[in-house]
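Try each task before reading its solution.

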Amino acid sequence: VGETDFMGLRIRCDRRALIPRPETELLVGCAEEFLATRPGAPAVVDVCTGTGCIACALARRVPRARVSATDISADALALAAENARELGVDVAWRQADLLDGFSAGGTELVVSNPPYVRRDECERLPRTIRDFEPRLALDGGLDGLAVISRLVEGAAHVLTSGGWLMMEIGDDQADAVMEMLCRNPRFKNPTRRFDFAGRARVAIAERISE
């Protein structure tokens, strides 16, 4: 139908980006909770922004935050910018591979719904997804964790001490992602958040203070 509701916002959708899903609203809720504890104008980066739904929702709900968003796809960024204009929110868009180009220690929150579907599963997805959603937004590599692992490393570089990383993950990936975060010496307190069906869908970790 060309649009969907996300966190009470009308988000335009087409073949340029993944249609926002309800489980991503859980990620935005976690980010909003964190930002409520931060004074001033915290810097937020939404990675793999797609339609821009996460960035736009945070810019609307936490207007004092300085929200940036990245995507490797110029087409997706164009769609995201259209959504921001229609919603009247201010987001700094950047075409980049994950967090490339962001300075070290300058960000308080990295939030992302990255590609996390295993490559062999991409072909078995329902036709409504497989034939209409961009493969770039779905394919997480052979194990589904290729983009997530790179994002963890990039976030460890750009986050300030005490900053947080929040990622949407597949409902069978929580243990592997928790182990990945525990192994990284620059993160602590990895936790998971559960959706209404009791599935772990958001991974969270804090950048250690140095």
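**Exercise 1.** Which residues does alanine 80 touch, not counting residues up to four places away in sequence?

*Solution.* First, the ground rules. This is a predicted model, in which local features need pLDDT of at least 70 and side-chain atom pairs count only at pLDDT 80 or more, while totals for chains, interfaces and linings use all residues. Residues are numbered from 1 along each chain as its sequence is written, and side-chain values use heavy atoms, with hydrogens and water left out.

Now locate the residue. Alanine 80 sits in helix H3 (residues 74–87); helices (H or I, at least four residues) and strands (E, at least two) are DSSP runs, numbered from the N terminus. Next, list its contacts, meaning heavy atoms within 4.5 Å. Alanine 80 touches Thr49, Gly50, Thr51, Gly52, Cys56 and Trp93. Last, check its accessibility. Alanine 80 counts as buried because its relative accessibility is 0%. Buried means under 20% relative accessible area, exposed over 50%, and partly exposed in between (1.4 Å probe, protein chains only).

**Exercise 2.** Find how many residues of helix H2 are buried, then look for disulfides.

*Solution.* Start with H2 (residues 53–61). Of its 9 residues, 7 are buried. They are Cys53, Ile54, Ala55, Cys56, Ala57, Leu58 and Ala59. Cysteine 56 has 0% relative accessibility.

Turn to the sulfurs. A disulfide is a pair of cysteine sulfur atoms within 2.5 Å. The count is 0 disulfides. Cysteine 48 is in none, as the nearest cysteine sulfur, that of cysteine 53, is 12 Å away.

**Exercise 3.** Describe how helices H6 and H7 pack.

*Solution.* Take the geometry. H6 (residues 146–158) and H7 (residues 174–183) pack at about 30°, with axes 11 Å apart. Axes are lines fitted to C-alpha atoms, for helices over the stretch in contact, and angles run from 0 to 180 degrees between N-to-C directions. H6 and H7 are therefore roughly parallel (under 35 degrees). Then name the contact residues: Ile148, Ser149 and Val152 of H6 meet Val177, Met180 and Leu181 of H7.

**Exercise 4.** Where is methionine 7 found, and is leucine 98 buried or exposed?

*Solution.* Methionine 7 lies in the loop between strand S1 (3–6) and strand S2 (9–12). Methionine 7 has a positive phi of about 55°. Leucine 98 also has a positive phi of about 55°. Most residues other than glycine have a negative phi. Leucine 98 is buried, with a relative accessible area of 9%.

Conventions:
Angles under 35 degrees count as roughly parallel, over 145 as roughly antiparallel, 65 to 115 as roughly perpendicular and the rest as oblique.
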